[in-house]
Amino acid sequence: MKKSIIISALILLLSACSFAPKKVDVTKQIDIPQNYNASGNLVSREDAAPVSWWKEFQNEELDELIEKVLENNLDLQIAEKRVDMLRNQFKAVRGSLLPAVSTTGVYSKSEGPVQSMEFTQAGIIPTVSIQENEMYSLRAGLGFELDIWGKLRRNTKAANESFKASKEDLNTAYLGIIAQTVILFYDIEAQKRSVEISKETLDIARQNYEVTERRYTSGIIPKESLERLSQVYANLHTKLQSDKQLLLNKKNQLSVLLGEYPKQVTELAEIESEFLPEFDEMQVGIPSDILRIRGDIAAAAHNMEAARQQAGAAVADFFPSISLSAGLNFASMNLDNLFDELSTTKSYGGEATEIIFAGGSKFAVYKQKKVT
């Protein structure tokens, strides 16, 4: 009795141990100021980084365009699928902490010769007959790995941290795509105005050239003046074509963000919008803890924690895997008697498995996880 109590206490003590490297709080190692400015006027986190920050532009057309981008952008769809993949991966790893229940049903039928002895008046005569045999069996099993060293728990936590990191990566992707959309939206408007200015300038240069040509024909000015204006007109015409091509390129980029082929860009509706509205001057003193809500920084923190848990699981893998099992087996040549007491076999036991030699692969995995 005392031995069983000691063994149970030892198992509980070992299961409470963690082989993961000590968690390091990076923020304590870096002297981070309270804010980015010496001024005591701090801006709130909500004012510095609003959730729907593009709403500050007060442009309904921009809002509709961003909604369309968020719905159709291919990069965001890939990031969302990765989050879903890691979510299911976490669920699969978490399932290893629970007992596994299995069942197997078998039916077999055999037919073959069977030798027997027949007693007659002439004596004992060996005979051979064809006999059919049927066998029904059903096995139910229960298996459970004792996570004494914490390997399964470390893997589960690592999978959970990787899942959280993918969610932060998705948030970063959202932020980047929305920012690109806003920039292209107003770049296209600015470029359209540049094209209009180039057209007006070219038209003025054409009118000036016509007037100068008439003056040259009348002999008022020399030919050099006319040729100089001709060169100016040609340069302005080249600039207009360059501005149109740049506008087309920006529309192509917007088309890609919308998940459409660039060749369809000519079919996009013309974007009509005003220039940026005037905003209130931002106060100085942005809080430094705003860095904590950045998706890339949060994802890096989750990836670090996942690597720490994986390193702990790699250490626990050096120890034997201990599992318990129980089974209930039913076997009978008659289906009606399958669940009779005489057809039932019960089994239970434990198993400890340890790889003696693996070519140094376990140690290499541990070093890899630790460096990661």
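With a relative accessible area of 34%, Phe318 is partly exposed; buried means under 20%, exposed over 50%, and partly exposed in between, worked out with a 1.4 Å probe and protein chains only. Phe318 sits in the loop between α8 and β3. Helices (H or I, at least four residues) and strands (E, at least two) are DSSP runs, numbered from the N terminus.

Patch members have over 30% relative accessible area and no salt bridge, with like charges joined within 9 Å and nonpolar side chains (Val, Leu, Ile, Met, Phe, Trp, Tyr) within 5 Å. The accessible areas come from the Shrake-Rupley method with a 1.4 Å probe, and for residues only the protein chains shown count as cover.

## What you are looking at

This is a predicted model, where local features need pLDDT of at least 70 and side-chain atom pairs count only at pLDDT 80 or more, while totals for chains, interfaces and linings use all residues. Residues are numbered from 1 along each chain as its sequence is written, and side-chain values use heavy atoms, with hydrogens and water left out.

The protein chain has nine helices and four strands. Going along the sequence, the pattern reads α-α-α-α-α-β-β-α-α-α-β-β-α. Of its 372 residues, 26% count as buried.

## Nonpolar cores

The largest nonpolar core has 21 residues, and the ones touching the most other members are Trp54, Phe57, Leu62, Ile66, Val182, Tyr186 and Leu254. Helices α4, α6 and α7 (223-257) each supply at least two residues of this core, and the largest share, nine residues, comes from α6. Another core lies apart from it, with five residues, among them Ala79, Leu86, Phe163 and Leu170. A nonpolar core here is a set of buried Ala, Val, Leu, Ile, Met, Phe, Trp, Tyr and Cys residues joined through side-chain atoms within 4.5 Å.

## Salt bridges

The structure holds 10 salt bridges, each one a side-chain nitrogen of Lys or Arg within 4 Å of a carboxyl oxygen of Asp or Glu. Take Arg87 and Asp84: their closest N and O atoms are 3.1 Å apart. Both residues lie in helix α5 (residues 74-94), three residues apart, about one turn of the helix. Arg87 is partly exposed at 30% relative accessibility, and Asp84 is partly exposed at 36%.

Glu189 is buried, with a relative accessible area of 4%, whereas Arg193 counts as partly exposed at 33%. In helix α8 (residues 295-316), Arg308 and Glu305 are three residues apart, so about one helical turn separates them. Their closest N and O atoms are 2.9 Å apart in a salt bridge. Arg308 is buried at 19% relative accessible area, and Glu305 is buried at 12%. There is also a network of salt bridges linking Asp203, Arg206 and Glu210.

## A negative patch

Glu60, Glu64, Glu67 and Glu71 form a negative surface patch. For charges, Lys and Arg count as positive and Asp and Glu as negative, with His and the chain ends not counted; the place of a charge is taken as NZ of Lys, CZ of Arg, CG of Asp or CD of Glu. Glu67 lies in helix α4 (residues 60-72) and is exposed, with a relative accessible area of 51%.

Gln241 belongs to helix α7 and is partly exposed, with a relative accessible area of 38%. Gln241 and Ser198 are 43 residues apart in sequence, and their C-alpha atoms are 9.1 Å apart in space.

Phe339 is in the loop between β3 (321-332) and β4 (344-353). At a relative accessible area of 53%, Phe339 is exposed. Along the chain, Phe339 and Leu138 are 201 residues apart, with 9.2 Å separating their C-alpha atoms.
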